[in-house]
Amino acid sequence: MPVTQGVLAVEALGFDTLGSFFARLGLTLARVNPGQSIPGSFWGDEEAGLIGDTIYVRDDTPVHSAMHEAGHYVCMDQTRRDGLHTNAGGTYDEENAVCYWQILASAHLDGMDHERMCADMDRWGYTFRLGSAAAWFAQDAEDAHAWLVSAGLIDAKSGALIIGVRR
């Protein structure tokens, strides 16, 4: 899938900005040279790749893609992490939790916020019952929120992301 115009790419956000956040999650961000295939990319092209605790990106990788892969890593248990290579797997409920997590986590990146993350998810082609990521997040994501609370990844009272806690 080619980069959709207007979607924030790693180069525009800054590799170090993303890498610093990922380090707080126990993840390593690895840069892939332009034109090279991204290791561990499930979808190919410029989509982020995930192998073990490393997320692979090129400068043209959408930030939302890298954040989505980070969300998969954070949401899975250690047994699944131990064999992680390309396909994060998981359940339907976990996939929704990952989408919710990436929207929440976007507030921790200078140059990204909830609104931008939702807009980029929409531009890229994520689909939600209510027609947009923002509408889903605000009105229809109670199950994803509950999943993340149950997993200890967001605070039950404030709804804030808990950084550094891994399942």
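This is a predicted model: local features need pLDDT of at least 70, side-chain atom pairs count only at pLDDT 80 or more; totals for chains, interfaces and linings use all residues.
Two strands count as paired here if DSSP finds at least two bridges between them, and the strands and helices themselves are DSSP runs, E of at least two residues for strands and H or I of at least four for helices, numbered from the N terminus. In that sense β1 and β3 pair in parallel, over four bridges, and one of the residues involved, Thr28, stands opposite Thr54 in β3.

Residues are numbered from 1 along each chain as its sequence is written, and side-chain values use heavy atoms, with hydrogens and water left out.

Let me start with the sheet. Three strands form an open sheet in the order β1-β3-β2, with mixed pairing. β1 (28–31) and β2 (49–51) stand at its edges with a single partner strand each, so one side of each has no neighbour in the sheet. On the other pairing, β2 and β3 (residues 54–57) run antiparallel and are joined by three bridges, with Ile51 having Thr54 as its bridge partner in β3. These two strands form a hairpin with two residues between them, and Gly52 in the turn has a positive phi of about 60 degrees.

What about the side chains of β3? Thr54 and Tyr56 point one way and Ile55 and Val57 the other, and all are buried, where buried means under 20% relative accessible area, exposed over 50% and partly exposed in between, with a 1.4 Å probe and protein chains only.

Turning to helix α3 (residues 63–75), its 13 residues reach 18 Å from first C-alpha to last, close to the 18 Å expected at 1.5 Å a residue, the expected span being 1.5 Å times one less than the number of residues. Because 13 of the 13 residues of α3 are buried, the helix is largely enclosed by the rest of the structure.

Finally, Glu94 lies in helix α5 (residues 92–105) and counts as buried, at 4% relative accessibility. Leaving aside neighbours within four places in sequence, Glu94 is in contact with His72, Cys75, Met76, Arg80, Gly89 and Trp147, contact meaning heavy atoms within 4.5 Å.
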